[in-house]
Amino acid sequence: MADATVTVHSEAVVGHINPEFHGHFSEHLGRCVYEGLWHSDSADEDGYREDVLELIKDLDIPVLRWPGGCFADDYHWEDGVGPQEDRPRRRNLFWAQGPEEVPEESNAFGTDEFLQFCEAVGTEPYLAANVGSGDPQEAADWVEYCNYDGDTELADRRRENGHDDPYEVKYWGLGNENWGCGGRMSPEQYAREYRRFATYVGTQSGLMFEHDLELIACGFEHHEWNRRFLEEIADSSWGPEFPLDHLTLHHYYGQTMTVSESDEDDYDTFLADALETDGHIEAIAGAIDAIATTRDIGVIVDEWGAWHPEAVSENGLEQPGTVLDALSAAAVLDIFNDHSDVVTMSNIAQTINVLQCLVETDEDEAWARPTYHVFDSYAPHKGNDAIQTSVSTPTRDVEDDRELPLVQGSASTDGDETFISLTNLDCREEQTVAVTVEGTTPDAVEATLLFGDHEPSATVTPDNAAEFEPEATDVDVDGNTISVDLPPATVATLTLS
Ligand code: AHR
């Protein structure tokens, strides 16, 4: 007898799962860029860490947001181009850097280093321009430096710095958390700034650059702020064709759960907090629908993940990498699949060493965290059509009158095969899940399981990292119903052909 059932409504397509749902975010913060991506004993001749490069290439990450975060609105891109020895050393207003946790920025890793890293790993760059302390000219110049193929000083400067061809950077964020570290602006003030910046950065995109740019405004988890921002942006004096392609929100969870001192009740609360991503996406999409009726504006969740009390500025926002965090990532990726009609991208915070990173390093080696394996297991969904699922699951009461659904799932198809992800968010009990796929009987079902041998609190180290890889698991197939036993705190992937 199943504890939970999942019905896959094969004919009901929700939307397209952009590969960009599996995007990343890397900031000049602690050991993310310096010591993470860039420079160490294992660096290649260009300065990139080969061990990190390999892990990231294998993950096939579709898009990488840089240089911040709060750092973006404190960053002047011209500091980071040209000969390394001429680049100025600056304060990093928000974050400590590197192994000695110095709140200074060497500018050794700049635009060309970042964009060539993206080329090396085959990922689309997403640059966040400085709105808080910068000006529209600086942002427009950055676009020109990166993307222009004509005969101007900035295009020539890029060529002198070693890149003849334009980089064709498509995604441009205008500011970061401008309600907070990006200038403490009111929504109306940010909307006015956004319009100024978008005018100079975006208006000529189709004329001047070979490809159109996609412009991204930074929203907020407070949806009244988003509503007021959109109202001001959509003001009739501006006309309907305002250059805004995506509106973002950030969702961190876990600040009340110290990893080393938590129990199962804390795990439930943590997971319920992660699932609130769902309501935030619905709220921001609702605000877009209500106000920006004449245009498609996508929702990007361009910072998300676990942020525990262990991660503080003084340690470069580092925290242990646990199975529990990885479970939350699986549940959030399901939410993105289920909202593929409105979500256009997401960027987990942050790729390496910081917060819910996927890759951790020390001086000698780099290794995958459990969250890395969740992304890898969900990779078959990328580029597919998301299919609607109905999940009937036991729940548990958690604080603030909330209910934690214990089983989560999502499904997609590439036209030939169907992929189903299932997560047992119950950290105490096994859950048997019966999946029924409407209208089709599979010829074959392959299933893998993550974390079957681990407690939710299990933490990855360089010595045990290989133990978190997925293993094949058994399923019972009866016509179009597949039953699978999910031990506590596990993630399963079914492939039906
Ligand atoms: O990811 C760490 C910080 O969290 C980012 O700099 C900021 O945007 C957010 O508050």
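Here are a few notes on the ligand site and the salt bridges in this structure.

1. Before you start, keep in mind that this is a predicted model, where local features need pLDDT of at least 70, side-chain atom pairs count only at pLDDT 80 or more, and totals for chains, interfaces and linings use all residues. Residues are numbered from 1 along each chain as its sequence is written, and side-chain values use heavy atoms, with hydrogens and water left out.

2. Let's look at the ligand. There are 14 residues around the ligand, and E27, C70, E177, Y252 and E303 come nearest (a residue is near a molecule if one of its heavy atoms lies within 4 Å of it). The shell splits into eight nonpolar, three polar and three charged residues. In that sorting, Ala, Val, Leu, Ile, Met, Phe, Trp, Tyr, Cys and Pro are nonpolar, Asp, Glu, Lys and Arg are charged, and the others, Gly among them, are polar.

3. Now zoom in on the side chains. E177 has a polar side-chain atom 2.8 Å from an oxygen atom of the ligand. For Y252, a polar side-chain atom also lies 2.8 Å from a ligand oxygen, and for E303 the distance is again 2.8 Å. As for cover, the protein hides 93% of the 290 Å² of accessible area that the ligand has on its own (areas come from the Shrake-Rupley method with a 1.4 Å probe).

4. On to salt bridges. Side chains of opposite charge can pair when their charged atoms come close. The rule here is a side-chain nitrogen of Lys or Arg within 4 Å of a carboxyl oxygen of Asp or Glu, and the count comes to 25 salt bridges.

5. Helix α4 (residues 153–160) is worth a look. E153 and R157 sit four residues apart in helix α4, about one turn, and their closest N and O atoms are 3.1 Å apart in a salt bridge. (Helices, H or I with at least four residues, and strands, E with at least two, are DSSP runs numbered from the N terminus.) R159 and D156 are three residues apart in helix α4, and they pair at 2.7 Å. R159 counts as partly exposed because its relative accessibility is 23%, and so does D156, at 29% (buried is under 20%, exposed over 50%, partly exposed in between, with a 1.4 Å probe and protein chains only).

6. What does R402 form a salt bridge with? The partner is D273, with the closest N and O atoms 2.8 Å apart. This pair links distant parts of the chain, 129 residues apart: R402 is in strand β16 (residues 402–405) and D273 in helix α8 (residues 264–275). Both R402 and D273 are buried.

7. Finally, a salt-bridge network links E264, D265, D268, R396, D426 and R428.

Definitions and conventions: Polar contact = N/O pair within 3.5 Å; in protein donor to acceptor, adjacent residues only side chain to side chain.
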